[in-house]
Amino acid sequence: MAKNKTRNKHKHYKLPAPGTSPGLYTVDENALKPIITLHTYNAQSYTKQELEKIDDFNKLTENKDFNYWIDIKGLGDVTIFEKLNSQLHVNHLVLEDITSSYQRPKLEEYDTDNYVFAVSRHLYLNGDENLCNEQISFILTPHTLITFQENYEDCFNPVRKRLEVGKGNIRLGGSSYLMYAVMDVIVDHYFTLLNYWGEGLDAIEDRLYEKPDKRIMFDTQLIKRELISIRRVAWPERDKLNDILRSESSLISSQTKTYVRDAYDHCIQIIDLIESLKEIASSNIDMNLSIVSNRMNEIMKVLTIMSSIFIPLTFIAGIYGMNFSREDPVTGKVLLQNMPELYYPHGYMYTLLIMGAIAVLHVIYFWRKGWFK
Amino acid sequence: MAKNKTRNKHKHYKLPAPGTSPGLYTVDENALKPIITLHTYNAQSYTKQELEKIDDFNKLTENKDFNYWIDIKGLGDVTIFEKLNSQLHVNHLVLEDITSSYQRPKLEEYDTDNYVFAVSRHLYLNGDENLCNEQISFILTPHTLITFQENYEDCFNPVRKRLEVGKGNIRLGGSSYLMYAVMDVIVDHYFTLLNYWGEGLDAIEDRLYEKPDKRIMFDTQLIKRELISIRRVAWPERDKLNDILRSESSLISSQTKTYVRDAYDHCIQIIDLIESLKEIASSNIDMNLSIVSNRMNEIMKVLTIMSSIFIPLTFIAGIYGMNFSREDPVTGKVLLQNMPELYYPHGYMYTLLIMGAIAVLHVIYFWRKGWFK
Amino acid sequence: MAKNKTRNKHKHYKLPAPGTSPGLYTVDENALKPIITLHTYNAQSYTKQELEKIDDFNKLTENKDFNYWIDIKGLGDVTIFEKLNSQLHVNHLVLEDITSSYQRPKLEEYDTDNYVFAVSRHLYLNGDENLCNEQISFILTPHTLITFQENYEDCFNPVRKRLEVGKGNIRLGGSSYLMYAVMDVIVDHYFTLLNYWGEGLDAIEDRLYEKPDKRIMFDTQLIKRELISIRRVAWPERDKLNDILRSESSLISSQTKTYVRDAYDHCIQIIDLIESLKEIASSNIDMNLSIVSNRMNEIMKVLTIMSSIFIPLTFIAGIYGMNFSREDPVTGKVLLQNMPELYYPHGYMYTLLIMGAIAVLHVIYFWRKGWFK
Amino acid sequence: MAKNKTRNKHKHYKLPAPGTSPGLYTVDENALKPIITLHTYNAQSYTKQELEKIDDFNKLTENKDFNYWIDIKGLGDVTIFEKLNSQLHVNHLVLEDITSSYQRPKLEEYDTDNYVFAVSRHLYLNGDENLCNEQISFILTPHTLITFQENYEDCFNPVRKRLEVGKGNIRLGGSSYLMYAVMDVIVDHYFTLLNYWGEGLDAIEDRLYEKPDKRIMFDTQLIKRELISIRRVAWPERDKLNDILRSESSLISSQTKTYVRDAYDHCIQIIDLIESLKEIASSNIDMNLSIVSNRMNEIMKVLTIMSSIFIPLTFIAGIYGMNFSREDPVTGKVLLQNMPELYYPHGYMYTLLIMGAIAVLHVIYFWRKGWFK
Amino acid sequence: MAKNKTRNKHKHYKLPAPGTSPGLYTVDENALKPIITLHTYNAQSYTKQELEKIDDFNKLTENKDFNYWIDIKGLGDVTIFEKLNSQLHVNHLVLEDITSSYQRPKLEEYDTDNYVFAVSRHLYLNGDENLCNEQISFILTPHTLITFQENYEDCFNPVRKRLEVGKGNIRLGGSSYLMYAVMDVIVDHYFTLLNYWGEGLDAIEDRLYEKPDKRIMFDTQLIKRELISIRRVAWPERDKLNDILRSESSLISSQTKTYVRDAYDHCIQIIDLIESLKEIASSNIDMNLSIVSNRMNEIMKVLTIMSSIFIPLTFIAGIYGMNFSREDPVTGKVLLQNMPELYYPHGYMYTLLIMGAIAVLHVIYFWRKGWFK
C-alpha cells in the first residue's frame, strides 16, 4: 500500500462558506455534465433511454401504468434542479443537500409534497486503491425514483441487469423497492471493502509473525483509518434504514419494508464486523509494540553479554600491559615489587587461564539467567 | 497453541455478491447432502426415523396428537427449500438466511403464516482446537420444529437422549420447549468454551509468574480474539432470548418462557464472564509489558555496573601502559618527569590498591542505589 | 500477599453439563450435611431451635402469630428441596438456582404461588486472604424467610443478635424486613472489603513513593482483579435492590422498602467506591510504569556519563601506549617522526593535563544538560 | 505540593459496622459540641441568636410571620436528634444519614411528615492544601431550614451577609430559597477549586515545556485524583439539583426552581470543566511519557556516538600497542614481518591521520542520520 | 505553531465569587462601551442605524410593519440591562447570563413574558492563532432580535450583507429566521476551524512520515486540546438546536424550524468530524511513539554492532600488548613460555587475520539477524 494513500483523508468535506444563504444550491463550475438515463418498466416490459435533458418531469412520467427510474450522473446542469423545484415542489434545502458534497446517510419525508428524500454513501476503492466516498441521493415519488450521483462511476449495474432480466421482485415491487435495491447494492459493497481490509490485516499479521518490519505500524494505522471512515458511514446508514422501517409514508410499501429489514440486518453485521476488524487492528498494533520491545531486549542482551565478558578481560590485559619497571633504566636500581608476574616462567599461561575462567563464569551466569534463549 | 490458529479468523463470512436479488437462496455446489431425521413424540411415545427426502411437510406432520422434530443436517438439496416455501409458506428471505452462511442470532415472527424463525450460533473447538462458528436455524410451527445445520457436526445429542428417555418436561412442553432445549444446549456450551479459555489464561498467568517467554503475548492475544468472537455471538443471543421472552406469538408457550428466562440469565452470566476474562487477558498483557520493561532494566543494570566498574580501571591501566620514556633512546637524555611512578619501588602495588578502592567504591555506590536487588 | 492468591480466580463457576434438563437440581456428593436452625419470633418473644430435618414446612410455620426464619447451612439433603417443591410449590428452576453454584444477585417474584426468590452473594476473605464468593439464597413467604447457604461460614451473626435482643425494627418488621436485614449485612460487608483493599492500595502507594519494587505491579493487579470481582457482584446487587423497591408483591412491605432504599444508596456508594479504587489502582500502575522508565533513564545516564568520560581518555592512553619506534632496533636507524611526544621532558604531564581537561569539559557538559540531578 | 497529600484519600468513609441496625444514629464520642445559631428573618427584619441548646423546635419557630434558619455546627449532642424525631417526626434513617459520615448529595421528600431532607458536600482545601470533603445536611420544613455540619469550618458566611444586608431575593424567597442559596455557595466553591487545580495543571505544563522533572508525574496524578474526588461529588449533585427541579413538593417554591435551574447549569459547567481538566491532565501525562522516551533516545545517542567513534580508534591504538617483536631478544633472530609499520619513518603520523579520518567519517554518518539535532 | 499557544487554555471562565447573589448582573469596569446598531427591515426595505444609546425598547420597535435587529457589541453600559428588565421584563438571571462570561449554548423560553433567550459560542482564531471562544447572546421577541457580544469582533458580516441585498429568505422569515441565520453563520464557522486543524494534522502526519521531530507530540497535543474545546461547544450546540426544533414557542416559526433542522444536521456532521479528527490525532500520537521506539532500536543496534565487533578485537590487541617477559632483565633468565607468539616470524600477520575473521563472523551474524536493514 502506497504511503501517500493516507493523505487528505479528511478533506472530503466541501465547506460551505459561512454565512451563505441556506437552500442556495450552487452548481460547481467543474461539475460534470449530467448523463441522464430513463428506465421505464412494469411487470411486462422494460425500456431504457438516454435523455439529453429533461423538459418536464411530470410529462415524462405521466403514464401511471409504468414505473420510472431517472438516473442522473453528474450534477453540472442547474436547470434540472430548477425544474425539480418548480415541477415536483422539491424543497430548496433538499436541492442544496444533493449538490453540496457531504451529507450523512439520512431519510427525510416531505408528506405535503408527497416525496421522500434519502442519501446513501457509496464507498469504493479507486484505481490507486484510495477509498472514495461518493454521495448517492434519492428522490422517491409515487411512480418514480430519481437518483443523483456526482461523477460517472457506475455502481448500479447489478440493479440495471436485474431490471432488464426482470427476475425476482424488482419490476413488481414499485419505486420504493427499486430504491431499496439500489441501497442494498451499496450496503453489500461495504462487505467487499471489509473483506479487502480483513485480508490486509491478515497479511499484516502474517508479516508480524514471520518478519516484523517498520511499515507494519503504518499499514495497520492506514486500515484502521479506513475502518473509521466506513464506520462513520455505517452508523447513520443503519439509522436511515431504521427510519425507513418505521416510516409511515405511503410511498414506502410494507413489502419493501420486509426487505429493508434484511438490509438493516446486514448493516448491523457490517457494524459488528467493523468493530471486530478494529479490535484486530488494535491487537496487531499491540503485538507490534510488544515485538519491538522484545527485540530491544534482545539487542541489549547481545550488547550486555559481549561487554560483560570482554570488558573485565580487557582490563586484565591492560594490567599486564602496564610498564612498571623492574629496574630503573637510569639508575639501574632493581624494583622487584613491580609486576613480578611478568617474570614468572608461566605468568602468561596462568593469566590466559584466569581470563578463560572469567569468561566461562560469565557465560554460565548469563545462561542461568536465560539470556541465551 | 499453534501459531496458525489465528489465521483466517474473520473470514467466516460468505459475502453475498453485491446486487444479487435478495431472497434468492442458492445452494452451494459444495454443500453437503442433507441427512434428515424425523423425531415423532408425545408424552407416551417417541420414534426416530431417517428420511431420504421430504415430499410433503404437511403430510409428514399431519397427526396432531404428536409433536415433530425434523432435524436437517447439510443444506445441499434445493427441493427442501422449495417445499418449505410452497407448503409452509416460509418467506424467501428466511430461506436465504438459512442458506447464507452468517446470520447473527435473531428471532423473527411471521404471524400471518404462523411460524417463527430463529437463528442460534453453535461455537465449538474442532480437532485442531480452532474455534468453529456454525449456524443453527430454527423454523417453529404449531406442532413441528425444523432445525437446519450446514454440516454433520452433532451438538443435539443431549437433547435427543432426553427425548428418548422422556425425563423432565421435554416431551410435554411442545415444540417451543424443544426449541428452547436445543438453544439451551448451545448456550450452555459457551460455558465450556469460556472455561477452556479461562484455564488457558490461568496457564499463561502461571508462565508469567514463573518463566515469562515471548509467546505469552501471542497466546494471550489469541484467547482475547476468541473472546471477541464469542462476545459477538453472546450479545445478539441475549437479545434473541429477550425477544422470545417478550414475544406475543401463540407459538411460544408461557411455560417455555419461564425456562427461557433461565437461559437468559445464563446468557447474562456468559457476557459477564466474557468481560471478566477479557479483563484478565488485558491484565496479563499489562503484566507482561511490565515484566519486559523490568527485565530491560535488569539487563541495563548489569551492563552499567560492569562498564562503570571496569572502564575507569582500564583507563588507569592504560595510563601506565603509555610509553613516555625516561630517557631518550637516541640522545640518551634522562627525562625524570616522564611517568616517574613506573620507577617507584611499590608503584605497581599502590596502583593495584587504588584500582581495588575504585572498584569497591563503585560497588558500594550501586549497592546503595539498590541495583543489586 | 501471597503469589498464589491470584490462581483459579475465575474457576468459581460450576458448569452445568450442556444439555442437562433445566430445573433438575442435583445434590453434589460433597455437599455438606445441612444444619437447620429455626428462629421463631414476634414482638414479644424469640426462640431458637436446631432441627435435625424438616418434615412439613407448612406445619412448622402454622402459627401465624409468629414469624419464622429457617436458616439452612449446607445443601446436602435432597429431601428438603423435594418438600419445598411439594409443600410450598417452589418452582424447579428456583431449586436448581439454589443448588447450582453461581447465580448473579436477583429477585424473582412468583405471585401465583405467593413466594419471592432472591439471591445475594456473600463476599469475604478466608483464612488465606483469598476472596470467597458464596451464594445466599432467600425464599420469602408471608410469614417465613428461608435462607440457604452452601457451607457453614457464618455471616448472619449480627442479625441473630439483633433478633435475640429485639432492639429496633427487627422483630416488628415482618419477614420482608428480616430478608432486608440479612441482605444489608451482606452489602455492608462489601464496605469492609473495599476498606481492606483501599488500605492495600495505600500501602502499595507508600512503597511506590518510597521504594518501588517489582512486586508492586503484581500486587496492584491482584487488587484490581478483586475489585473486578466485587463489581461483578455489586452491579446486579444494585439492580436487585431496585427491583425490590419497585416490586408490587404484597410480600414486601412498604416500610421495608424505605429501608431498602437506604441499602440501595449504600450499594451506589459501593459502586462509586469501587470505581474510585479502580482508578487509584490504575493510577498506581501508571505511576509504576513511569517510575520504571525514569529508573531506566537514570541507569542509562550513569552508563553514558561513565562511558563518555573514560572512553576518550582511554583512547588517548592507548595512543601513547603504541610502540612506534624511535629507532629501528635492527638497523639502528633513528626515526624522529615516530611519537616524539614520548621524549619530551614534560610529555607525560601535559598528557595528564589534557586528559583532565577533557574529563572536566564532559562533566560540565553533562551538568548543563541536567544529568546529575 | 507535598508528597503526603495523596495519602488516605479514600479513607473518608466511616464504615458502619456490618449488621448494625439501620436507622440507629450514634453520636461519636469525638463529635464536636454543637454550636447552634438561630437566624430569624422576614422582609423587614433580621436577628441572629446563639443558642445553648434546643428545647422545642416547634416553639422556637412558632411565629409564622418569620422564616427561621437553624444552623447547627458539630453533631455531638444526641438530644437534638431525639427532638427532631419526636417534635418534627424526622425519620430515623434521615437522622442516621445526618450523623453518619458519608452520604452522596441527594434529595429525599417526606411528604406525609411535610419536610424535605437534602445532602450537599462541601469541598475545600484545608491549611495543608489537603482536599476536605465535608457533609452539609439540610432539613427543610415550611418556615424553617435546619442545616447540619460536622465541624466548625464556616462556609455560610456569604449567605449570612446577604441575609443581614437583605439585598436581593434572600429574605423574600422563603426557606427553600435559603436552602438554594446555601447549596449555590457550595457549588460555586467547586469553581474555585477547579480554578486552583487548573492553575496547578498550567504550572505543571510550564515545567513540562521548560524543564521536565520527575515530580511532574506525581503532581499530575495528584490533581487527577482530586478531580476524580470532585467528579464523584459533582455527578450526584447534578442529580440532586435535577430532583429539586422536578420535585412536586409544596415546600419548594416555583420561584426557587428558576434559580435552581441556574445552579443546575453551573453544575453541568463544572462537570464539563472537570472532564476538560482530566483530559488536560492525561495529556500532560502522555506528554511526559513522550518527553521521557525522547530523553532516553538522546542519552542513548550520546552514548552511541561516543562509543562508535572511540571504540574503533582505541582498537587501532591497541593494535600498535602490541608487542610483536622485531627480533627475538633471546636468539637475536630478526623478525621483519612483525609490525613493520612501527619502524616506518612516518608510521605514527599515518596512523594518526587514519584515526582522524575514521572519526570524521563517523561524525558525517551520524550527522546525516540527524543525530546531532 | 507557537509554544505559548497552549497556555491559559482553560482560564476562559470568569468565576463568580461564591455566594454572590444570583441574578445580580455586574458590569465589569473593563467592559467595552457598547456599539449599538439598529437594523430595520421588511420585504421591501432595509435601513441601518448606529445608536448612541437606547431610551425605550418598545418605542424603538413599535412599528409592527417592520422587523428589528438590535446588535449590541460591548457590554459596558448597565442602563441597557436595566431597561431590558423594566421595559421587556427580561429576567434577572438572563441578564446575569448575558454579562457573565461563560455560558454553554442553550435555549430558554420565557413564555409568560413572551421572549426567548439563547446562547451561541463563536469560536475563531485571533491574530496570534489562539482559539478565542466568545459568547453571543440572543433575545428574541415577536418582532425583534437583540444580540449581545462582549467585544467588537465582527462575525455577523455575511448576515448583514444578505439583509442588505435582501436575497433569499432573510427579510421574509421574521426574527426567528434571522436568529437562525446568525446561529448558522456561527456553526458554519466551526467547519472552517476543523478544516484548519485537519490541515494541521495532515502537515504533522507529513512530518511524521518524512522527518519525525520532537515537536510533533507538542503540536498534536495542541490540536487535540483545541478539538476538546470545540467539542465542549458542539455538543450543547446540538442540544440547543434540538431544543429549538422541539420548541412549542410561537416565537419560532415552523418554517424556521425546517432550516434549523439543516443546521442541526451540520452540527451532527461537525461532531462526527471532531471525533474523526481526534482519532487521527491519537493515531498520529501512536505512530510517533512507535517511531520513537523504532529509532531507539536503531540507535541501540548501532551501539551494539560497533561494540560487539570491536570489543573482542581490542581484547586480543590487549593480550599481545601485555608485557610478559621473555627473559628476566635482572637475572637474565630466559622465559620461553611467556608469550612465544610475539617471537613467531608471522605472529603479527596471523593475529591480524584472526581479528579480521572475528569481525567478519560478527558482521555475518548481525546480517543474518536482519540488523542491517
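How much area is buried between chain D and chain E, and what percentage of it do carbon and sulfur atoms give? In this predicted model, about 6,500 Å² is buried between the two chains, and carbon and sulfur atoms give 61% of that area.

## Extent of the D–E contact

The size of an interface is often expressed as the accessible area that is lost when the parts come together. For the pair considered here, that area is about 6,500 Å². In chain D, the residues that lose the most area to chain E are D:Tyr209, D:Phe315 and D:Phe324, which together account for 10% of what that side buries.

Counted by residue, the contact takes 74 residues from chain D and 70 residues from chain E.

## Polar and charged pairs

Eight salt bridges are counted between chain D and chain E. One salt bridge joins E:Arg231 to D:Glu279, with 2.5 Å between the closest N and O atoms.

## Elements and composition on the chain D side

Four helices of chain D each give two or more residues to the side that touches chain E: helix 4 (157-165), helix 5 (174-210), helix 7 (254-319) and helix 8 (347-368). Helix 7 of chain D supplies the largest share of this side, with 35 residues.

By class, the side of chain D that touches chain E comprises 30 nonpolar, 24 polar and 20 charged residues.

## Relation between the copies

Two copies of a chain are related by a rotation about an axis together with a shift along it. Of the contact residues of chain D, 14% recur in chain E, and the copies use different surfaces.

The pair of chain A and chain B can be described in like terms. Chain B is superposed on chain A by a rotation of 72 degrees with 0.0 Å of shift along its axis, at an RMSD of 0.1 Å. This is the relation of a five-fold axis. B:Gly321 is the residue of chain B that comes closest to the rotation axis, its C-alpha lying at 4.6 Å. Only 14% of the interface residues of chain B are also interface residues in chain A, so these copies meet through different surfaces.

Notes
Residues numbered from 1 in each chain as written. Chains lettered and ligands numbered in written order. Predicted model: local features only at pLDDT ≥ 70, side-chain atom pairs only at ≥ 80, totals over all residues. Heavy atoms only, no water. Least-squares fit on C-alpha atoms with pLDDT ≥ 70 in both. Contact = heavy atoms within 4.5 Å. Buried area = accessible area lost by both parts, 1.4 Å probe. Salt bridge = Lys/Arg side-chain N within 4 Å of Asp/Glu carboxyl O. Nonpolar A, V, L, I, M, F, W, Y, C, P; charged D, E, K, R; others polar.
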